Structure formats: structure tokens, C-alpha cells
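Here is a short briefing to read alongside the coordinates. It moves from overall fold to interface, then to single residues.

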Amino acid sequence: MGLAVLVVILVVAGAVSLAVGARALSPAEVWHGLFAAPESDQRLTEIRLIVRTVRVPRTVLAVVAGIALGVGGALIQGYTRNPIADTGLLGVNAGASFAVVSAITLFGLTNPFQYVWFAFLGAAVAGVVVFGLSSLGRGAGNPLTLALAGQGVAVFLAAMTTAIALTDQAALNALRFWNAGSVAGVGFGVIWPVTAFVAVGLVLALITLPAVNLLNLGEDVARGLGVNIALSRTVGIVAITLLAGAATAACGPIAFLGLMVAHVARYLTGPDYRWLVPYAGLLGAIVLLVCDIVGRLVVRPGELDAGVVVALLGAPFFAALVWLGKFKNA
Amino acid sequence: MSAEAKSSVLPGLRLGRVSFVWRPWIAGVTLLLAAVTFLLFCLSIGIGDFPIGLPQVIATIFGHGEPVDEFVIMDLRLPRALAGLVVGIALGVSGAITQSVARNPLSSPDVLGITSGAGAVAVFLVTVSGGTATAIVDSVGLSAAALGGGLGTGLLVYFLAWRRGIDGFRLILIGISVTAVMEAITTWLLATADIRDVARAQAWLVGSLDDRGWDEVRTALWCTLALLAVVTCVAFQFRPLHFGDEVAAGLGVRYTRVRAVMLLCAVLLAGAAVSAAGPVPFVALVAPQVAMRLARCPTPPLAASGLVGALLLIGADLVARTALPVSLPVGVVTAAIGGPFLVHLLVRANAR
């Protein structure tokens with residue numbers, strides 16, 4: 001029931017997102033742009049171009065990345081059993097930023113389209129390294145070890161990123177835009193592969209949900225109930241890395257979103273991850289889409305990046321909910 | 001863990017109203033850390049374009065040095081080394097308090113808003129070079145203005161989180177929210193500013209010990225000493241909080257007040273650190289975790305955390321000054337050393 005409401009909200013937000021922007025379009029014009037055949041009329045051709053090459057890609061990306069970050073945020077809180085865990089915790093954001101900056105310095109890249117694959121590679125490698133480090137030895141996969149190892153690696157990579165950025169002005173220039181986190185300006189050439197990675201991540205995430213529930217009862221209980229802890233944890237971390245890595249590669253680091261929607265989803269559904277995770281995904285998509293729309297409206301004719309709006313709008317709202325005592329220390 | 005088990009049967013020490021449980025391992029580690037910190041402190045003073053031997057450095061600090069050494073050390077090198085020491089201790093203790101109150105090892109004073117607030121104000125002042133901004137920088141200086149912003153943000157977090165007392169979980173979530181807002185503002189300012197200003201702002205954001213004179217150090221030093229005195233007095237009532245509010249109340253601790261005082265000290269200590277070195281990242285997060293593992297404590301030990309922080313910062317500054325081909329701010333080196341060291345400790349603990 002609640003899920004249906006969220007889907008309706010998401011569809012409405014998507015429709016608004018197609019119509020709103022530097023050039024406002026009426027619903028009829030959007031419809032025309034989406035479905036009409038090419039014509040000779042100059043104005044209609046222009047609308048078609050705007051809708052198909054600008055509005056549709058960024059709307060799709062906002063939905064895909066929002067779902068990925070929301071689900072990823074809920075999962076990482078489930079696996080680390082830490083309520084302040086965020087998708088950046090696995091070093092994914094730091095790895096992506098580091099890869100982007102290194103690629104610019106080493107290969108002289110200038111076009112953001114070229115960053116994407118480096119960013120994804122960096123995110124994936126960082127995630128694998130963190131998970132590998134936390135799985136060495138007997139205390140394998142201890143949630144606290146995982147979280148701290150992630151922090152350690154992220155700290156190191158961030159330092160390297162800063163060191164490069166301070167010595168290479170071109171890298172610093174690219175980094176400051178990359179860091180803002182935006183869903184605009186990416187074509188379908190990037191969006192399809194990203195969506196494919198997110199889809200794989202989502203399937204893996206859904207498979208592990210029952211195990212996450214049991215893991216949150218404590219490892220001994222989970223083991224007693226027949227959960228293969230190492231396996232489910234590995235699958236879960238792979239899923240989070242795919243989700244967060246793909247979203248970060250396409251949009252840049254969007255902080256706070258995953259953490260925020262995971263808490264709101266927990267408030268709405270209770271602690272059952274089989275419900276919590278789908279809610280978090282839809283909430284993530286809605287929040288990112290709405291923030292992107294707001295970002296297009298507030299500083300017209302310029303734009304505010306979605307990642308910045310997420311923090312500026314979402315954080316006060318989230319803080320108010322915290323103050324009202326809506327969230328429990330999960 | 002064996003040290004824990006033994007300590008419960010070891011006798012206490014009592015001096016008037018003050019009593020300790022004698023834990024040899026923790027005391028030994030803390031003393032060793034203090035000795036190593038002092039040694040590194042003196043080494044860092046001795047090493048430079050005009051090298052001075054370790055004995056001369058120690059003699060000069062205690063007032064029995066040659067006039068030449070005295071000038072180089074007292075006027076040129078001591079302020080910087082002292083800044084490293086003070087900032088490291090302040091950040092380490094501040095981090096230990098925050099992680100204890102929040103009972104969450106991922107929290108650090110960065111979450112309390114000081115760092116992000118100071119960063120946002122500094123970046124604003126650097127990038128928006130208008131009439132008022134320039135006037136503010138000219139009259140009080142960038143660091144002081146940023147410190148004002150940081151303390152303002154810290155107090156904002158503190159009061160927003162106050163609802164019939166301070167609760168660790170609520171504080172941390174509010175802090176994360178406020179930090180997210182401040183970082184978003186910083187990011188946006190950086191993305192819209194002139195690239196030359198961005199480089200200057202970025203350098204400030206990392207934190208640095210370059211060109212620290214007595215003026216910057218003196219204030220931070222006295223503030224830190226005063227705050228450490230308060231922390232030491234309250235620390236005796238702070239320990240029972242680890243067992244939970246009910247147990248603490250049962251032991252006669254006014255837990256709301258103790259927690260509030262300790263957190264305020266953590267905020268102000270982080271502020272003192274920012275005033276001397278800018279927002280040096282990660283020391284406050286890493287130092288308590290490293291200290292916990294060295295001292296084999298279940299919770300972050302205050303004194304050892306401060307010493308590890310100082311060790312990290314002085315060591316990183318030494319590396320940054322002497323070993324690296326390019327000049328990098330100490331914050332970068334701190335993170336580059338601290339991160340892997342934390343991972344190393346984790347991996348070693350896992351293997352055991």
C-alpha cells in the first residue's frame with residue numbers, strides 16, 4: 001500500500017521533471033516531445049530535442065541513482081549494524097574521486113564522459129580492497145572492522161586525492177565540479193550500462209534481504225538459524241559496491257542521501273529489511289528527483305547541483321525528524 | 001583481554017579523595033606514548049635547515065641553551081612544534097570524548113560541526129571577495145573568523161540536539177545533518193568560485209602547520225590546557241557512563257550534566273585545534289581507535305588518545321617537511337599515515 005503511494009509520487013515527480021527547467025514546457029509539449037514523429041516545425045523540433053536529449057536522460061538517471069543509493073544506504077546500515085553508516089563508508093566515494101583525479105593528471109582527460117569508467121573502476125577497487133582487508137584472519141567480516149577499515153581506506157584515498165588536486169590545478173578544477181554531485185549532462189551511452197550494474201546490484205540485494213534480517217538478531221542466532229554468514233555478507237557487500245559505485249560513477253558523490261532515506265524508511269516500515277529496503281529505494285529516487293527539480297528552479301537560469309540540494313533541503317528536514325524523536329538507534 | 005581480567009583483581013590506589021584502579025598495561029602504554037611524543041617533539045625541533053642535536057634541544061627548551069640555538073628554537077621552531085603537539089592532543093581527546101558519548105566508533109568531532117562550519121566560513125570569505133568579507137578578514141584574520149563560524153556551528157548542533165539533556169544518538173544524527181548542510185555550502189561555493197581562490201580555499205580546508213608563530217599558538221595552548229584541566233576533573237565521573245545511564249545514575253553520577261560538560265569540552269577543544277592549524281581532518285577519528293587498540297581498552301582512553309593524536313600530527317609534520325619532494329599541508333600527510341595505520345591495526349587484531 002505504502003509502496004504504491006511512493007510509486008505514484010515518483011511517477012508524478014518524473015512527469016514534473018520532464019516539464020521543468022530553463023525552458024518550461026506544457027504537458028502537451030512534453031507529450032509531443034516524447035512520442036511525436038520528427039516534423040519540419042522549428043519550435044516543435046527544438047522541444048523534441050530538449051525532452052529527448054536533456055530531460056529524459058537526467059530524469060532516468062535521477063531515478064536509477066536514487067534507487068541505487070537508497071537501497072545501498074539501507075543495506076550498509078543493515079550489514080554494519082551501524083545507524084550512521086553511509087554508502088561512502090566502503091570507500092566507494094573516495095575511490096571514485098581518487099580515480100577521477102588520477103585519470104585527469106595521468107592521461108590529461110578533459111571530458112566528463114571519460115571520467116565515468118575510471119570512477120566506476122575506482123569505486124569498485126576501493127570496495128573490494130575494504131572488504132578484502134576486513135575479511136582477513138579469524139574475525140572475518142566483523143561489522144565494526146568493516147566500517148573502520150572502510151574509514152581507513154577512505155581517509156587514505158581522500159588524502160591522495162587532495163595531494164594531487166593541490167599540485168595540479170586542472171585536476172582541482174575538475175574535482176570541484178565532480179564533487180558537487182549532479183544528474184545532468186550524462187547521455188544514455190552512460191546511463192544504460194550504469195542501469196545494468198544497478199539492476200544486478202538490486203537483484204543481489206533482494207536475494208540477501210532475509211539474511212540481513214537474521215544477521216541483525218546477532219551473528220550467533222543467525223548461524224543457528226542456518227544462515228551462511230560469510231556468503232550472505234559477501235553477496236551483500238558486492239551488491240552495495242555495485243549500487244553505490246555505479247551511482248557515484250554517473251553522478252559524482254552524493255552524500256547523505258542513503259543515510260537519510262534509510263532512517264525514514266525504517267521509521268515508516270519498522271525493522272524488517274524486506275520492507276525497509278524497497279521503501280528506501282523508492283524514497284531515494286523521489287528525493288533525488290525532487291532535489292534535481294528544485295535545483296533547476298532556485299537559481300534560474302543557472303542550476304544548483306542535485307547533490308548540493310539533497311544536503312541543503314534534506315538535512316534540515318532530517319534534523320527536524322531526529323529532534324522529534326522519530327528514529328530509533330537500530 | 002588478559003590485561004582486563006587481571007586488572008579486576010589488582011588493588012586500587014588512593015590519594016585522599018582521588019582513587020585509581022592500577023592497570024599496569026594502560027599506564028605503561030600511556031607513559032611510553034608520552035616519552036615517544038616528547039622525543040619526537042624534540043626531534044622535530046632539531047631537524048631543519050640548521051640541524052640541532054637532541055641534547056642541545058632539550059637543554060634549550062629547559063632554558064640552558066646557547067644563544068644561537070635559543071633564537072632558532074624559541075623564535076622559529078618551537079611555535080610550530082608546539083602547535084602540532086597542542087592540536088594533536090586537543091583533537092585526540094576531543095575524538096575520544098565524542099566516540100565515548102556517542103558510543104559509536106565512527107563518530108568524531110567532525111560530526112559536531114566545528115570542522116565543517118569553520119570550512120564553510122573560510123571558503124566563503126576566500127571566494128566571495130566583497131566589501132564586508134574582505135573587511136572581516138582584514139580586521140580579525142581568516143583563521144579567527146573561521147573559528148567563529150566553527151564554534152557557532154558547534155553550538156548550533158549542541159543546542160539543536162538538546163532535548164531534556166544530550167543523547168548521544170540524537171546528537172550524532174543532528175551533527176551529521178548540520179555537517180551535510182555546511183559541506184554542501186562549501187562544495188557549491190567551490191564550484192562557482194574563481195579557480196585561483198579555489199586553490200587557496202582548498203589549501204586552508206586541509207589544515208596546515210606552516211608559518212605558525214607564537215600569536216597563533218599561545219591562545220590555542222592556554223585554551224587547551226584549561227579545557228584539559230576540566231576534562232581531567234570530570235573524567236572520574238565520565239567513566240561510569242560507559243555502562244549506560246541507569247548504572248551511572250545508580251553509582252551517583254549526574255549523567256546529563258557530566259555528558260553535557262564533556263561534550264562542550266570536546267567542541268571547544270576541536271575549536272582550539274582549528275584556531276591553530278585549520279580543520280586538520282581524521283586525527284580525531286583515528287587517534288582514539290589507535291589508542292584503544294594499543295592500550296587494549298574497551299573504550300577510547302582519554303590520555304592515550306591525546307598522545308596518539310600528538311604523535312600522529314608531529315610525525316606527519318616531520319615527514320611533510322623533510323621526506324616529501326613536494327610541499328604538502330600536514331593534514332594530507334596525517335590522513336595518508338593515519339588511515340593505513342588504522343587498517344594495519346585492524347588486520348593484525350583480526351589475525352590474532
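Chain B of this predicted model has a radius of gyration of 21 Å. A compact globule of 352 residues would have a value near 20 Å, so the two agree. The C-alpha trace of chain B spans about 60 × 55 × 45 Å along its principal axes.

**Fold of chain B**
- Chain B holds 15 helices and two strands.
- Of its 352 residues, 54% are buried.
- Among contacts in chain B with a separation of 6 or more, 74% join residues 24 or more positions apart.

**Confidence in chain A**
- The mean pLDDT of chain A is 83, and 95% of the residues score at least 70.
- Helix H12 (residues 273-298) of chain A has the highest confidence in that chain, at a mean of 91.
- Helix H2 (residues 27-35) of chain A has the lowest, at 75.
- Where pLDDT is low, predicted coordinates should not be read in detail.

**Interface between the chains**
- The contact involves 47 residues of chain A and 46 residues of chain B.
- Three helices of chain A each supply at least two residues to the side that touches chain B: H6 (143-167), H7 (169-180) and H13 (306-323).
- H6(A) gives the most, with 18 residues.
- By class, this side of chain A has 33 nonpolar, twelve polar and two charged residues.

**Helix H6 of chain A**
- H6(A) has 25 residues, which should span 36 Å at 1.5 Å a residue.
- Its end C-alpha atoms are 36 Å apart, so the span agrees with the expectation.
- H6(A) is largely enclosed by the rest of the structure, because 20 of its 25 residues are buried.

**Helix H7 of chain B**
- The 19 residues of H7(B) should span 27 Å at 1.5 Å a residue, and the end C-alpha atoms are 27 Å apart, which agrees.
- Buried residues in H7(B) include B:Ala146, B:Leu147, B:Gly149, B:Gly150, B:Thr153, B:Gly154 and B:Tyr158.
- The buried residues of H7(B) pack against helix H5 (114-127), H8 and helix H12 (255-277) of chain B.
- They also pack against H13 of chain A.

- B:Ala161 sits in the loop between helix H7 (142-160) and helix H8 (168-192) of chain B.
- B:Ala161 counts as buried because 24 other C-beta atoms lie within 10 Å, where the cut-off is 20 or more.
- Beyond its neighbours within four places in sequence, B:Ala161 is in contact with B:Ile166, B:Arg170, B:Leu171 and B:Ile174.
- B:Arg200 is 39 residues from B:Ala161 along the chain, and their C-alpha atoms are separated by 33 Å.

**Positive phi angles**
- Most residues other than glycine have a negative phi.
- A:Phe256 is not a glycine, yet has a positive phi of about 75 degrees.
- A:Phe256 lies in the loop between helix H10 (229-251) and helix H11 (257-269) of chain A.
- With 27 other C-beta atoms within 10 Å, A:Phe256 is buried.
- B:Arg296 is not a glycine either, and has a positive phi of about 55 degrees.
- B:Arg296 is placed in the loop between helix H13 (283-295) and helix H14 (302-322) of chain B.
- B:Arg296 has 16 C-beta neighbours inside 10 Å, so it counts as partly exposed.

Terms used: Residues numbered from 1 in each chain as written. Chains lettered and ligands numbered in written order. Predicted model: local features only at pLDDT ≥ 70, side-chain atom pairs only at ≥ 80, totals over all residues. Helix = DSSP H or I, 4+ residues; strand = E, 2+ residues; numbered from the N terminus. Rg over C-alpha atoms; globule rule 2.2 N^0.38 Å. Buried ≥ 20, exposed ≤ 12 C-beta atoms within 10 Å, placed from the backbone. Contact = placed C-beta atoms within 7 Å. pLDDT = per-residue confidence, 0-100. Nonpolar A, V, L, I, M, F, W, Y, C, P; charged D, E, K, R; others polar. Expected span 1.5 Å × (residues − 1).
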